[in-house]
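Trainee: I have a structure open in my viewer, and I would like to learn how to read it. Could we go through some features together?

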Amino acid sequence: MRGAAPFSANFRRLINNATEPGIVAPQEVHYLQAQAAGTGALQSGDGTKVGDTRAALNNTMSKVMVGWGKLFAMAELANRRVTFIAAYRTAVEQGMADPARFAQESVSQTQGTYNPGNKPVWARGALGGLALTFKQYSIAYVELLSRMAFAGLPGSPERAAGRRGALYMLAVLFLMSGADGLPFEQDLEDVIDGILQRMGFNFSSKRAKQAFLTDVLGEGGADFALKGISSLPGMPIDVAGRFGMGNLIPATGLFTKKESYANDIGELAGPAADLAKRTFNGAGKALGGDLAGAALELSPVSVRNLTKGVDMLASGAYKDSRGYKVNDVTAIEGAMKIVGFQPNSTAAIQDAKGQALNMITQNRMRSAQIQEHWAQGLAVGDKNTVQQAREMRDDWNAKNPEAPIKVSMPAVIKRVRAMHQDVLMRTLKTAPKAMKAAVREELAQTR
């Protein structure tokens, strides 16, 4: 059996031995374990008409979801089987004592082992498990990259072969997602951006890379270097967004300067934060009478992709969460969205929009700080504070000639007047004209 020919009866027995513990087909083992423990997707009902109907509806939905994910499960199974066969053949050719054991270990090392024992200790509980959801693949990929790069002793053939393998892994990742998708790339950008933004620069690493590479390689070459095959003409889906591993460390966006850190803090909670947000949004829509919108908010991502894709096919446009048009899309892009792929044209527009908004936000935040400082100096008659505000403006304009700040004196005077008013008067000033009488009456009760 040691040298069993692939696809022979003995070799099929070896495949089965690797399947039963979940090495070759882990998802099937998990399904069986869940069903045996009474926590599976299928329910038997309780004998009552209501209970049996509820179980039947649940089972129908479960079958639909399993069928929806079957293509992904088949791809996972094919990857593991191909790896097992290739590793087994290699072991036989090299005369290893236990080719089957080598093949099983190769599958585990390259395809990952998805169970609680292969998680960090802190990630095995309820909170840690939620934060690490969907992160095990990324961790396994980086671990494999590290093992290959440092395999064997320095100078040995194993070390050289391992480093070649690691370079091949990075080359494939670069081809699929470009430089922006290399491990920790976006995390490093957040740290660099945060440091330079706090030094007074309206800076974006992504924008700077794009400008530099465009000067060196031209627009097409720069796009390929940063996005990989997603930048090729006619590519309908955002491959880089699906394969990229630039954002591995959660909440690194906290290093940068921005108006809201809600999304970055949400990254610490993983998918649980998104679920909580959608639950509250769905509850609000349900209370407002929008039951269809509430159901869509709480539905699985596959259902939301299906709904979005159908709408794209019907309208010929990709729309944001408010129903506003983002861009025109083709029928192919709509079909790809149905199966879960983001249109490449939409991803490119949203990325450009994000860069522009970041530049605008940096300018607006610093302008507000300077105006506030200027107003404080005028409010107390402190010329030194006013001079500091002028120096802050001049320093910003010297560092950011492409995004200068022009202080509006009427806006500064308005802030000075607001400083001398009490909080009730400032509150009244914010009320719409049609509401001022009602707000004035409400505030009068506190005087």
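Trainee: Leaving aside its neighbours within four places in sequence, which residues is S204 in contact with?

Mentor: Good place to begin, and keep in mind that this is a predicted model. Two residues touch when heavy atoms of one lie within 4.5 Å of the other. With the neighbours within four places set aside, S204 has contacts with D193, Q355 and N358. You will find S204 in the loop between helix 9 and helix 10 (205–227).

Trainee: Is S204 buried or exposed?

Mentor: A residue is called buried when its relative accessible area is under 20%. S204 has 4%, so S204 is buried.

Trainee: What about I192, where does that residue lie?

Mentor: I192 belongs to helix 9. Its relative accessible area is 34%, so I192 is classed as partly exposed. Beyond the neighbours within four places in sequence, I192 is in contact with F203 and S205.

Trainee: How do I describe the chain as a whole?

Mentor: Start with the secondary structure, which comes to 21 helices and 2 strands. Then look at the spread: the radius of gyration is 29 Å, well over the 22 Å that the globule rule gives for 447 residues, so the chain is more spread out than a compact globule. Along the principal axes, the C-alpha atoms fill a box of roughly 90 × 70 × 45 Å. Buried residues make up 31% of the 447 residues. The chain exposes about 27000 Å², and carbon and sulfur atoms supply 63% of that area.

Trainee: Which residues have the most contacts inside the largest nonpolar core?

Mentor: To find a core, look for buried nonpolar residues joined through their side chains. The largest one here has 13 residues, and F11, L14, F84, Y88 and A103 have the most contacts inside it. Helix 1 (9–19), helix 4 and helix 5 (99–111) each give two or more residues to this core. Apart from it lies another core of 11 residues, including V386, A389, M392 and W396. As for A103, its contacts beyond four places in sequence are F84, A87 and Y88.

Trainee: Which residues form a nonpolar patch on the surface?

Mentor: L71, F72 and M74 do, with about 360 Å² of accessible area together. M74 sits in helix 4 (residues 70–93). Because its relative accessibility is 49%, M74 counts as partly exposed.

Trainee: Are F184 and A251 buried or partly exposed?

Mentor: F184 has 36% relative accessibility, so F184 counts as partly exposed. A251, at 7%, counts as buried.

Definitions and conventions. Residues numbered from 1 in each chain as written. Predicted model: local features only at pLDDT ≥ 70, side-chain atom pairs only at ≥ 80, totals over all residues. Heavy atoms only, no water. Patch = residues over 30% accessible without salt bridge, like charges linked within 9 Å, V, L, I, M, F, W, Y side chains within 5 Å. Areas by Shrake-Rupley, 256 points an atom, 1.4 Å probe, with all protein chains shown as cover. Salt bridge = Lys/Arg side-chain N within 4 Å of Asp/Glu carboxyl O. Helix = DSSP H or I, 4+ residues; strand = E, 2+ residues; numbered from the N terminus. Buried < 20%, exposed > 50% of the residue type's maximum accessible area, 1.4 Å probe, protein only. Rg over C-alpha atoms; globule rule 2.2 N^0.38 Å. Core = buried A, V, L, I, M, F, W, Y, C linked by side-chain atoms within 4.5 Å.
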